[in-house]
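Here is a friendly walk through one protein model, part by part. Have a look at the structure first, then read on.

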Amino acid sequence: NALLQRIKARRDEALLNALRLVPDCGGLIEEVVLTLPPFLLAPAQAAKRRALGNLAEALPAGIDLVLLAEEPTAVAADDWAAGLRLRCDLHLHAKAPADAMRDADLWTQDTFLAAEHDGATVLLPLPFTDHRGQHVHWLAGATRSVIAAPALHLAGGNMLTGPDFRLVGAASIENTRLVGHRPVTSDEALARHRALDARPLYLFGFRLPTRELPQPLAQQPHHLDLVLSLTGKIIAAGKPLLLLADPRSTLDPDGARVPGWAEQLDATAERLEDDGFAVLRNKVPYLAHPAYAPNPSLRAYNNVMLENAIRTGRSRPLVWLPHFGDLEPDLEAYDSANRAVWETLGFEVVPVPGWSALVRAGGALRCASKILRRGVAQAPILT
């Protein structure tokens with residue numbers, strides 16, 4: 001058994017070196033997975049269920065939608081899906097998992113990575129993450145290989161993969177130092193993350209004001225995809241264009257910025273620009289939710305899905321953008337402002353309403369999904 005495990009480990013390492021992670025921008029989305037944990041089927045969770053259904057209904061024909069559900073709730077999950085106005089092709093996978101689905105398994109993005117090798121999808125479980133789940137095992141089949149990722153701490157929500165770069169939150173590097181039998185240096189932890197993919201890796205974070213040197217980068221929030229979007233665009237100077245949230249503390253998008261956090265994201269933007277990116281800012285609210293006052297919460301307008309290729313019958317590439325104003329009418333100005341940002345960048349916005357119901361749970365539509373396959377497209381140039 002020990003010999004077989006060593007042979008498998010060597011094969012996994014060889015395969016890992018040949019993988020290419022599925023990017024978060026670029027060609028047309030071909031396959032995406034959502035998870036429907038049992039708690040979402042309860043009558044009291046209708047609003048959360050509706051948000052997930054809105055995302056499924058927003059997917060066009062030509063996309064394969066894989067829906068993961070528990071075997072005991074398969075009939076209810078199938079009935080729910082049958083009530084949706086779907087244009088995409090639905091594939092319900094009802095599994096009897098060794099561990100029952102937890103509420104946090106809704107956040108499909110976090111628990112594994114998807115990569116491509118010789119035209120096949122390869123899945124990499126992430127055992128050291130905030131939301132560890134069994135999604136890989138529920139998805140694995142004859143056409144999908146599963147291999148072990150390096151010993152690193154990473155959630156899918158704390159990494160964005162571009163056509164020729166990756167962005168990882170600084171906290172994942174520091175947390176990786178403690179993964180394994182002994183602590184490792186920051187450089188060793190960074191090397192583990194670089195081993196995932198050949199694309200150059202850049203860090204999302206900022207320096208804390210302190211006299212102690214050297215100091216690790218800090219990051220805010222805990223997952224970068226809550227405030228950072230790839231656009232797949234390149235400006236005329238050849239810099240990849242990123243969209244970074246500019247948090248506001250008023251119902252007016254042009255109102256006051258959030259003290260402290262705004263400055264941290266400003267410093268993050270400066271570091272990204274120093275690394276060769278162009279950074280555009282979009283205004284997002286950090287306000288108390290009507291149902292959960294008085295604590296403020298972020299509305300994650302940057303938590304998007306997008307394409308840079310143009311679908312048949314369309315004139316512009318698509319971006320799926322979470323909306324909050326349908327359940328929080330006071331936020332309609334932010335819905336409009338964020339639609340305008342993406343439209344100015346040349347996208348057709350597909351509004352996906354209902355995500356106010358999941359604000360307290362801490363995510364939006366990218367958090368709840370995972371793209372398994374995507375076509376290839378050349379990123380356009382902005383002039």
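Ile 29 stands opposite Arg 374 in β18. Two strands are said to pair if DSSP finds at least two bridges between them. The strands and helices themselves are DSSP runs, numbered from the N terminus: at least four residues of H or I for a helix, at least two of E for a strand.

Strand β18 covers residues 369-374, and five of its six residues are buried. Buried means under 20% relative accessible area, exposed means over 50%, and partly exposed is in between (1.4 Å probe, protein chains only).

## Ground rules

The model is predicted, with local features needing pLDDT of at least 70 and side-chain atom pairs counting only at pLDDT 80 or more, while totals for chains, interfaces and linings use all residues. Residues are numbered from 1 along each chain as its sequence is written, and side-chain values use heavy atoms, leaving out hydrogens and water.

Now for another group of strands. Three of them form an open sheet with mixed pairing, in the order β15-β16-β17. β15 (305-306) and β17 (348-352) are at the edges with a single partner strand each, so one side of each has no neighbour in the sheet.

Strand β16 (residues 318-322) and β17 run parallel and are joined by five bridges. Look for Pro 322 here: its bridge partner in β17 is Val 352.

## Rings that meet

How many aromatic pairs does the count come to? The count is five, taking rings of Phe, Tyr and Trp (its six-membered ring) as a pair if their centres lie within 6.5 Å; planes under 30 degrees apart are stacked, over 60 edge-to-face, and the rest tilted. One of them is Tyr 202 with Phe 277, an edge-to-face pair at 5.1 Å centre to centre and 85° between the planes. Tyr 202 is in strand β10 (residues 201-204) and Phe 277 in the loop between α7 (261-274) and β13 (278-288), so this pair ties together parts that are 75 residues apart in sequence. Tyr 202 is partly exposed at 24% relative accessibility, whereas Phe 277 is buried at 3%.

Trp 342 and Phe 347 also form an edge-to-face pair, with 5.2 Å between centres and 85° between planes. Trp 342 is buried at 1% relative accessible area, and Phe 347 is buried at 0%. Elsewhere, ring pairs link Phe 165, Tyr 202 and Phe 277 into a cluster.

## Charges over rings

## Cysteines on their own

What about disulfides? There are zero in the structure, a disulfide being a pair of cysteine sulfur atoms within 2.5 Å. For Cys 88, the closest cysteine sulfur is in Cys 367, 20 Å away and too far for a bond. For Cys 367, the closest cysteine sulfur is in Cys 25, at 17 Å, again too far. Cys 88 is buried at 7% relative accessibility, and Cys 367 is buried at 4%.

## One side of a helix

Helix α6 (residues 186-194) has Ala 189, Leu 190 and His 193 buried. They span an arc of only 100° around the axis, so they are on the same side of α6; the arc is that of the directions from the helix axis to the C-beta atoms. The buried residues of α6 pack against β9 (166-169), α5 (170-176) and β10, with contact meaning heavy atoms within 4.5 Å.

Asp 187 is also in helix α6, but this residue is exposed, at 62% relative accessible area.

Most residues other than glycine have a negative phi, and most peptide bonds are trans. Asp 118 has a positive phi, near 55°. Asp 118 is in the loop between β5 (112-117) and β6 (120-125), and is exposed at 70% relative accessible area.

The peptide bond from Gln 220 to Pro 221 is cis, with omega near 5°. Pro 221 is in the loop between β10 and β11 (228-235).
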